Amino acid sequence: MTETSDIRSADSAAQGEPRGRLQRLMRYIPLVAPVLLWAVPCWVLLHTGQRWPLPVTLIGTTLFVLGLIGMPLAMAWGHGRRQQDRAAIVGDTLLGSIWVLFTWSVLLGVLLRLALTVAGVGDGQGRARIATWAALGVAAVLLAWGYVEARRVPRVRRLDVRLPRLGAGLDGTRVVLITDTHYGPLDRARWSARVCERVNSLEADLVCHTGDIADGTAERRRAQAAPLGTVQATRARLYVTGNHEYYSEAQGWVDLMDELGWEPLRNRHLLLERGGDSLVVAGVDDVTAESSGLAGHRAHLAGALDGTDPDLPVLLLAHQPKFIDRAAAHGIDLQLSGHTHGGQIWPFHYLVRLDQPAVAGLSRHGARTLLYTSRGTGFWGPPFRVFAPSEITLLVLRSPQGSTPS
């Protein structure tokens, strides 16, 4: 079944100012965000007219204070130098849980209470308690559902992508995209094997992984990544680095993927030929590679395209959607990216949109260039996906001279 995606216009130049503001604000987020995340729900749910019995107020407030102290400590132990997986699981779970509770305590604590007031339902205390229980109930349901969504094997999202310069001989080329598997503290070796089985059922010509394989070194996460060696493609299995590789010995991941039979496209390309027509398939390191200080790692699109025929269509693998500015300047036909997770937990996608030109789906940039942004195959950190389902993507490339999509 074909899924239709609207192609959205994007003015990448207009993103410069918001991104600059975001970079300045990022300096203060580690200090301010945890306080807001825990203090706001505590105030809205316990101290805005509910008049709970004193033990309830004291116990509830204590739990929020413990969360405010414990979450940053657990994340520091889990993701810092100590790399304690159990601490990471606790910290990540607390982060996801409080984000959901923060969101819905604000929405329901304000909007529902206002609606009840307008409707003349109950007194101030009654309305406050109804809003509190509603926020807690919605948060609990969304967290349970979000956990199941995060842990399941992603559904396959299929779409036909028409490339005006693609020759008829390559019409129907099947490209499977997986990305952001983020193997990490929660052991997902079995999930990884099932994902690879699903990929193999799609009978792809190309299978592409656009980075963020894992959180941790290749040595530490090898068992979870090993099933990637079973992935099958009729032409090639291709990989480019993501930003998380550069937090954990990126060259080790490049070497492991090579060992598993994937071809790392590190600022280079290959030709896919069929029926007398050719497609350039290029890949670049993540945009954070150069700042990592790792020798030989940087995003170098000109190097990736060196020696190619400028009249041939180009499929580019680049981890972050914001690389599309450079891709469009070089006349790339289609860029495949991940990184955004589609926001992962609603409404985080609004913040992602400040840093990236697209969050999910197919979008147009400039006169020729298309960008497909995957919501990701796994999840980072908090084991939840709320209104941002994971995906395995099947893109069927279509030529103007080819057959009509089914």
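This is a predicted model: local features need pLDDT of at least 70, side-chain atom pairs count only at pLDDT 80 or more; totals for chains, interfaces and linings use all residues.

Biologist: Fine. Which backbone oxygen lies 3.0 Å from a polar atom of the side chain of serine 105?

Modeller: That of phenylalanine 102. The distance of 3.0 Å is within the 3.5 Å limit, so the pair is close enough for a polar contact.

Biologist: Where do the two residues sit?

Modeller: Serine 105 is in helix 4, residues 85-119. Phenylalanine 102 lies in helix 4 too.

Biologist: Is serine 105 buried or exposed?

Modeller: Buried, because its relative accessible area is 0%, and the cut-off for buried is under 20%.

Biologist: What does serine 105 touch, beyond its sequence neighbours?

Modeller: Pro41, Val44, Leu45, Val110 and Ala135, once residues up to four places away are set aside. Take proline 41: it is 64 residues from serine 105 in sequence, yet 5.7 Å away in space, C-alpha to C-alpha.

Biologist: And what is phenylalanine 102 in contact with?

Modeller: Leu36, Leu37, Val40 and Pro41, again leaving aside neighbours within four places. So Pro41 is on the contact lists of both serine 105 and phenylalanine 102, by the 4.5 Å heavy-atom limit.

Biologist: What span does helix 5 reach?

Modeller: 41 Å from first C-alpha to last, over 28 residues. That is close to the 40 Å expected at 1.5 Å a residue.

Biologist: Switching to cavities. How many of 30 Å³ or more turn up?

Modeller: One, in a search of the whole structure. The volume of the largest cavity is about 110 Å³.

Biologist: What lines the largest cavity?

Modeller: 15 residues, with Asp92, Pro185, Leu186, Phe379 and Gly381 nearest the centre. By type, the lining has seven nonpolar, five polar and three charged residues. Helix 4 gives the most, with three residues.

Biologist: Now the backbone. Which peptide bond is cis?

Modeller: The one from tryptophan 346 to proline 347, with omega near 5 degrees. Proline 347 is in the loop between strand 10 and helix 11.

Biologist: What about phi at glutamate 203?

Modeller: Phi is near 50 degrees, positive in a residue other than glycine. Most residues other than glycine have a negative phi. Aspartate 212 also has a positive phi, about 55 degrees.

Biologist: Where are glutamate 203 and aspartate 212?

Modeller: Glutamate 203 is in the loop between helix 6 and strand 4. Aspartate 212 is in the loop between strand 4 and helix 7.

Biologist: Buried or exposed, for glutamate 203 and aspartate 212?

Modeller: Glutamate 203 is exposed, at 62% relative accessible area. Aspartate 212 is buried, at 2%.

Technical notes
Residues are numbered from 1 along each chain as its sequence is written. Side-chain values use heavy atoms; hydrogens and water are left out. Helices (H or I, at least four residues) and strands (E, at least two) are DSSP runs, numbered from the N terminus. Buried means under 20% relative accessible area, exposed over 50%, partly exposed in between (1.4 Å probe, protein chains only). A polar contact is a pair of N or O atoms within 3.5 Å; within protein, one must be able to donate a hydrogen and the other to accept it, and residues adjacent in sequence count only if both atoms are side-chain atoms. On a 1 Å grid over the protein atoms alone, a cavity is a set of points where a 1.4 Å probe fits but cannot get out, and a pocket is an open set with protein on both sides within 12 Å along at least five of seven lines; lining residues have an atom within 4 Å of a point. Grid points are joined across faces, edges and corners, and a volume is the space filled by probe spheres set on the points. Ala, Val, Leu, Ile, Met, Phe, Trp, Tyr, Cys and Pro count as nonpolar, Asp, Glu, Lys and Arg as charged, and the others, Gly among them, as polar. The expected span of a helix is 1.5 Å times one less than its number of residues.
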